[in-house]
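Colleague: I would like to learn how to read a few local features in a structure. Could we take them one at a time, with the general idea before the case?

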Amino acid sequence: MLALTELGQRLRQERESKGLSLEDLQKLTKIQKRYLLGIEEGNYEVMPGKFYVRAFIKQYCEAIGLDTDAIFEEYKSDIPSTQTEDMPQQLSRVRSRKEIPQHTKGVSKAYDYLPTVLVVAGVVVVGIIIWVIAQNIVSDKNKEQANQEAPNSEVQQSNTQEETNETTAKNDNSKSEDEQSAADKKEKEKEKAEKEKVAKEKAEKEKAEKEKKDSGKQEYKEVQKTGRSATYALSGTDAFNLEVTSTQADTWLDVKNGKGNAFFSSILKKGETKEFDLTKETEARVNIGYSPGVELKVNGKAVDLPFDSSKQVRQVVTIQYQPAEAQ
């Protein structure tokens with residue numbers, strides 16, 4: 001086993017302090033476990049190239065909440081600088097695999113199955129011919145039987161006509177009763193739908209008025225922004241409820257109050273939502289390890305992240321809260 005570099009020791013200690021295994025870190029960064037282990041052991045030979053060494057170290061730092069610029073400056077002697085990569089040899093290997101005439105295998109295999117295909121096709125054709133002949137025989141028998149029964153059909157028709165008239169009269173009476181019942185049922189359903197519609201419109205109107213009233217009081221405004229951190233002031237409300245949802249991927253989430261007490265410090269799974277009642281706190285610090293797809297809501301109202309997540313993956317949001325009754 002290789003001896004750990006100073007950078008590798010620092011990264012492993014920080015990862016273990018967060019309670020993360022290499023499997024957890026692999027899910028967060030999408031970097032294979034053997035490359036993460038190579039970073040911790042200083043075994044950069046397992047990497048595809050020096051460029052990937054620097055890129056993987058940067059993603060490792062961001063996932064566990066370290067400042068990558070500071071780490072690269074402090075441990076620059078442990079991190080190789082990017083130079084020309086060994087790409088021509090890799091491209092050569094790819095080209096040699098593509099030059100193999102793969103289509104010849106498929107053609108050869110098709111010829112092996114040709115006799116079987118021809119036999120099956122012949123059986124199907126014979127079956128179709130037999131089916132057509134059988135259908136013609138059945139059709140001829142049906143025609144002969146119809147001609148024999150024709151003289152008796154008129155007598156049977158006259159006998160059944162009277163039965164049909166009686167049945168029609170009964171059906172008319174039954175139909176009128178069914179139509180009346182259906183009309184009554186339809187009217188009741190219509191009345192029920194109208195009542196539900198009125199109740200729904202009333203509820204929506206009350207909800208809209210309440211949201212309008214609440215939104216008119218609550219204020220959430222930016223106070224300061226620097227680096228990857230931003231501070232906001234929340235006022236005009238007597239509640240401080242925070243919701244954090246990750247919609248794209250797992251992310252490291254750390255939520256603390258102004259005194260440093262942690263409410264949550266772990267991985268937030270994809271599609272998972274965490275809710276925090278911070279009404280009794282005056283300040284909350286939200287540390288997001290992987291911000292793409294992360295959504296924040298304050299008192300049920302969505303608020304934007306301070307930075308573009310495609311440019312700033314890790315973001316820290318501090319919210320200072322002052323209750324309305326204290327203002």
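Modeller: Start at the end of a helix and look at the backbone angles there. This is a predicted model. Gly-42 follows helix 3, and its phi is positive, near 70 degrees.

Colleague: Which residues of helix 3 are buried?

Modeller: Burial is read from relative accessible area, and buried means under 20%. In helix 3, which spans residues 33–41, the buried residues are Tyr-35, Leu-36, Gly-38, Ile-39, Glu-40 and Glu-41. Their cover includes helix 1 (6–17), helix 2 and helix 4.

Colleague: With which residue does Arg-15 form a salt bridge?

Modeller: Arg-15 pairs with Glu-40, with 2.7 Å between the closest N and O atoms. Arg-15 and Glu-40 are both buried. Together with Arg-12, they are linked in a network of salt bridges.

Colleague: How many salt bridges does the structure hold?

Modeller: There are ten. One of them joins the side chains of Glu-23 and Lys-33, at 2.6 Å from N to O. Glu-23 is in helix 2 and Lys-33 in helix 3, ten residues apart, and the pair links distant parts of the chain.

Colleague: Why does Lys-33 count as partly exposed?

Modeller: The partly exposed class runs between the buried limit of 20% and the exposed limit of 50%. Lys-33 has 33% relative accessibility, so it falls in that class. Glu-23, at 38% relative accessible area, is also partly exposed. For an exposed pair, take Glu-73 and Lys-76: both residues are exposed, and their side chains meet in a salt bridge at 3.6 Å, N to O.

Colleague: Now strands. Where is Thr-231 found?

Modeller: Thr-231 is in strand 2, residues 229–235. Its relative accessibility is 15%, so it counts as buried. Leaving aside residues up to four places away in sequence, Thr-231 touches Lys-221, Glu-222, Val-223, Gln-224, Thr-318 and Gln-320. Opposite Thr-231 stands Thr-318 in strand 10.

Colleague: Do strands 2 and 10 run parallel or antiparallel, and how many bridges join them?

Modeller: Strand 2 and strand 10 run parallel and are joined by six bridges. Strand 7 (residues 283–288) is also joined to strand 10 by six bridges, but that pair runs antiparallel. In strand 10, Gln-320 has Glu-283 opposite. Six of the seven residues of strand 10 (residues 315–321) are buried, so this strand is largely enclosed by the rest of the structure.

Colleague: Last, pockets. What is the volume of the second largest pocket?

Modeller: Rolling a probe the size of a water molecule over the atoms shows where empty space is left. The second largest pocket has a volume of about 150 Å³. Helix 2 (22–29), helix 4 (50–64) and strand 4 (251–257) are the elements that each give two or more residues to its lining. Helix 4 gives the largest share, three residues.

Colleague: Which residues line the second largest pocket?

Modeller: Among them are Leu-28, Lys-30, Gln-59, Glu-62, Asp-250, Trp-252 and Tyr-290. By class, the lining has five nonpolar, four polar and three charged residues.

Definitions and conventions
Residues are numbered from 1 along each chain as its sequence is written. This is a predicted model: local features need pLDDT of at least 70, side-chain atom pairs count only at pLDDT 80 or more; totals for chains, interfaces and linings use all residues. Side-chain values use heavy atoms; hydrogens and water are left out. On a 1 Å grid over the protein atoms alone, a cavity is a set of points where a 1.4 Å probe fits but cannot get out, and a pocket is an open set with protein on both sides within 12 Å along at least five of seven lines; lining residues have an atom within 4 Å of a point. Grid points are joined across faces, edges and corners, and a volume is the space filled by probe spheres set on the points. Helices (H or I, at least four residues) and strands (E, at least two) are DSSP runs, numbered from the N terminus. Ala, Val, Leu, Ile, Met, Phe, Trp, Tyr, Cys and Pro count as nonpolar, Asp, Glu, Lys and Arg as charged, and the others, Gly among them, as polar. Buried means under 20% relative accessible area, exposed over 50%, partly exposed in between (1.4 Å probe, protein chains only). Contact means heavy atoms within 4.5 Å. A salt bridge is a side-chain nitrogen of Lys or Arg within 4 Å of a carboxyl oxygen of Asp or Glu. Two strands pair if DSSP finds at least two bridges between them.
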